[in-house]
Amino acid sequence: MQNKSLRLGEVLFEEGLIKIDQLDEALEMQKKDSRHLGKILLEKGWIDAHELIRILAAQYQLPYVPLSDVKIPAEIMNMVSYDLMQTYKIVPIDFDNNYLTIATNNPQDISALQDIQVKCGCLIKPVMSNIQDIEKIIQEYSDSLHSINAIKATGNKSIEDSPVINLVDALIRRAIKERASDIHFEPLKNTLRVRFRIDGVLYQKENISKELERNIISRVKIISGMDVAESRRPQDGRTSFVNGEMEYDIRISTLPNSNGESLVLRILSKEFAFKSLELLGMDPEERTIMNRLLSRPHGLFLVTGPTGAGKTTTLYAMLNILNKTDKNIISVEDPIEYEMEGVNQTSVNPYIDYKFSNSIRHILRHDPDIIMVGEIRDVETAQMAIRAALTGHLVISTMHTNTAVGAITRLLEMNIEPFLISSAINGVISQRLVRQLCPDCKKDYEPDKARKKVIQQVMSVKDNIILAQEAGCSKCLQTGYQGRLGVFELLNIDEDIKSLILKSADEKEISQKALSAGMKRIKVAGMHKVIQKKTTMEELLRIIAI
């Protein structure tokens with residue numbers, strides 16, 4: 001601390017901003033009460049505040065921005081809550097390429113910068129500014145908030161009026177209550193349609209007057225830090241929402257269309273994220289195989305399936321099992337959907353060419369035991385993931401293939417050497433999500449000949465089999481379903497499969513060998529859930545081709 005103070009004092013003296021006797025006296029005072037040298041010099045009136053900040057900025061190698069020269073747009077100010085500004089004495093001044101520039105007087109407070117980055121959902125670029133100027137802008141912002149509240153109290157029907165705020169809040173609360181994962185605001189020719197996605201299916205909930213459309217969209221943009229004036233290009237934002245004792249992270253995306261701008265709000269809650277393998281829908285046999293594969297110290301484990309199949313949720317469930325204090329776990333995601341205690345999480349950023357592939361290269365320098373890669377999308381990422389798996393790391397990731405064996409074929413099509421795939425890969429799980437029957441209203445029935453024939457195409461069953469069907473009650477909102485279950489096809493890469501991979505065998509040959517070793521096809525696993533009365537045959541056929 002003293003060395004740093006001497007360097008600051010020497011710079012101030014060399015630039016002729018203070019005298020040597022002033023520096024000596026300030027250093028003596030600092031020894032008594034450990035205050036910052038700059039603060040002592042300011043209190044003594046020996047240096048101008050702007051000059052001090054300029055020198056400190058140079059020491060920290062940060063730009064110095066006099067806020068008196070900056071006009072901050074309202075949409076930039078709205079990207080950071082008043083509480084954050086007041087707590088950390090910072091002001092947002094610009095936003096570009098996912099970087100939020102903030103003016104601060106204390107760039108050494110790394111925890112503050114990290115907190116702001118997490119809560120604002122973008123990368124932070126600090127600049128140095130005078131604390132008095134920062135506090136003045138925060139006060140002016142506070143005054144403007146009070147003015148808005150006063151206007152609302154008089155019944156002014158602006159974007160920020162109470163009816164619009166209450167309407168948006170009410171729709172979000174209703175979506176949470178009804179277990180919706182997404183809210184869709186869709187401008188039609190004469191109305192604004194609102195739909196909720198519940199258990200993977202869209203349901204229409206409201207038709208809102210076209211006159212309120214612009215105000216509702218603007219309200220959502222304001223709370224999520226978007227540019228209210230921009231309507232010609234897509235935007236992404238995020239906000240948080242407290243409902244009772246639960247806090248939800250909401251990701252928002254806009255898309256211009258022929259009737260205006262559509263909005264989709266993705267509702268994320270830790271309550272739904274950190275599920276066990278059992279709650280995901282795995283049976284005891286599947287869980288045993290998974291736990292055995294995850295206990296291996298190194299290798300590659302892949303989760304496959306189409307978009308919306310729950311792959312990321314399965315990755316988080318795997319991390320729950322692996323997350324121990326003696327393991328260094330690092331994840332790279334796009335984006336970070338849920339913050340997980342004990343896991344070092346990083347997010348890709350295409351604006352600075354920080355992709356899955358080169359992120360793994362950086363992660364390997366941080367001594368990881370376990371690496372989670374959000375998705376293998378290209379050859380370079382596949383090569384880096386396999387390299388990590390072969391150098392003593394356990395790597396878990398996802399791919400877009402329809403079957404478990406299809407992941408092997410996809411890697412071969414990427415021209416990954418067969419011997420590398422054979423050496424690296426431990427297992428693959430392919431999955432789908434089906435709606436789970438509501439336990440309070442499902443009804444038993446005996447299937448007709450047509451349904452029995454469909455079942456018999458997949459597996460042998462008794463003639464007197466009893467299935468269940470949806471009915472509908474208040475607890476399931478009359479849908480007959482509550483929540484979703486995973487249906488899994490689990491491929492264990494044993495020595496026989498490795499030998500086939502080395503020969504670049506086709507998907508059919510590898511599948512036959514896996515089936516003979518006990519792998520259940522995904523349609524068989526799904527039909528088991530139908531017979532167990534966990535879902536319906538109609539739901540299974542909606543998701544999986546039989």
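How far is the sulfur of cysteine 438 from the closest cysteine sulfur, and which cysteine holds that sulfur? The distance is 3.7 Å and the partner is cysteine 441, too far for a bond. A disulfide here is a pair of cysteine sulfur atoms within 2.5 Å.

This is a predicted model, in which local features need pLDDT of at least 70 and side-chain atom pairs count only at pLDDT 80 or more, while totals for chains, interfaces and linings use all residues. Residues are numbered from 1 along each chain as its sequence is written, and side-chain values use heavy atoms, with hydrogens and water left out.

**Stop 1**

Select cysteine 438, cysteine 441 and cysteine 473. Cysteine 473 is in no disulfide either; its nearest cysteine sulfur, that of cysteine 441, is 3.7 Å away. The structure as a whole holds zero disulfides. Cysteine 438 is buried, with a relative accessible area of 0%, and cysteine 473 is buried at 16%. Buried means under 20% relative accessible area, exposed means over 50%, and partly exposed lies in between (1.4 Å probe, protein chains only).

**Stop 2: the whole chain**

Zoom out and colour by secondary structure. The protein has 23 helices and 18 strands. These are DSSP runs numbered from the N terminus: helices are H or I with at least four residues, strands are E with at least two. Of the 546 residues, 47% count as buried. Among contacts with a separation of 6 or more, 62% join residues 24 or more positions apart; contact means heavy atoms within 4.5 Å.

**Stop 3**

Select residues 90-96, 99-104 and 123-128, which are strand 1, strand 2 and strand 3. They form an open sheet with the order 1-2-3 and mixed pairing. Two strands pair if DSSP finds at least two bridges between them. Strand 1 and strand 3 stand at the edges with a single partner strand each, so one side of each has no neighbour in the sheet. The twist averages 30° from one strand to the next.

Strand 2 and strand 3 pair in the parallel sense over six bridges. To find one of the pairs, pick threonine 104, whose bridge partner in strand 3 is methionine 128. Axes are lines fitted to C-alpha atoms, for helices over the stretch in contact, and angles run from 0 to 180 degrees between N-to-C directions.

**Stop 4**

Move on to an open sheet of six strands in the order 6-5-4-9-8-7, with antiparallel pairing. The edge strands are strand 6 (201-209) and strand 7 (235-243), each pairing on one side only. Neighbouring strands here are turned by 20° against each other on average, direction ignored.

Inside the sheet, strand 8 (residues 246-257) and strand 9 (residues 260-268) pair in the antiparallel sense over nine bridges. Isoleucine 250 has isoleucine 267 in strand 9 as its bridge partner. Helix 10, residues 213-223, packs on this sheet and touches strand 4 (180-187), strand 5 (191-198), strand 6, strand 7, strand 8 and strand 9.

**Stop 5: strand 14**

Select residues 394-399. Six of the six residues of strand 14 are buried, so the strand is largely enclosed by the rest of the structure. Leu394, Ile396 and Thr398 lie on one side, and Val395, Ser397 and Met399 on the other.

Strand 10 (residues 299-304) pairs with strand 14 in the parallel sense over six bridges, with valine 303 partnered by threonine 398. Strand 13 (residues 370-373) also pairs with strand 14 in the parallel sense, over four bridges; isoleucine 370 is partnered by leucine 394.

**Stop 6: arginine 435**

Arginine 435 is in strand 15, residues 425-437. At 11% relative accessibility, arginine 435 counts as buried. Leaving aside neighbours within four places in sequence, its contacts include Asp199, Tyr203, Tyr481, Glu539 and Arg542. The C-alpha atoms of arginine 435 and glycine 480, 45 residues apart along the chain, are separated by 9.3 Å.

**Stop 7: a helix pair**

Finish with helix 20 (residues 495-502) and helix 21 (residues 507-516), whose axes come within 10 Å and cross at roughly 175°. That makes helix 20 roughly antiparallel to helix 21. Angles under 35 degrees count as roughly parallel, over 145 as roughly antiparallel, 65 to 115 as roughly perpendicular and the rest as oblique. Show the side chains of Asp496, Ile497, Leu500 and Ile501 in helix 20, which meet Glu509, Ile510, Lys513 and Ala514 in helix 21.
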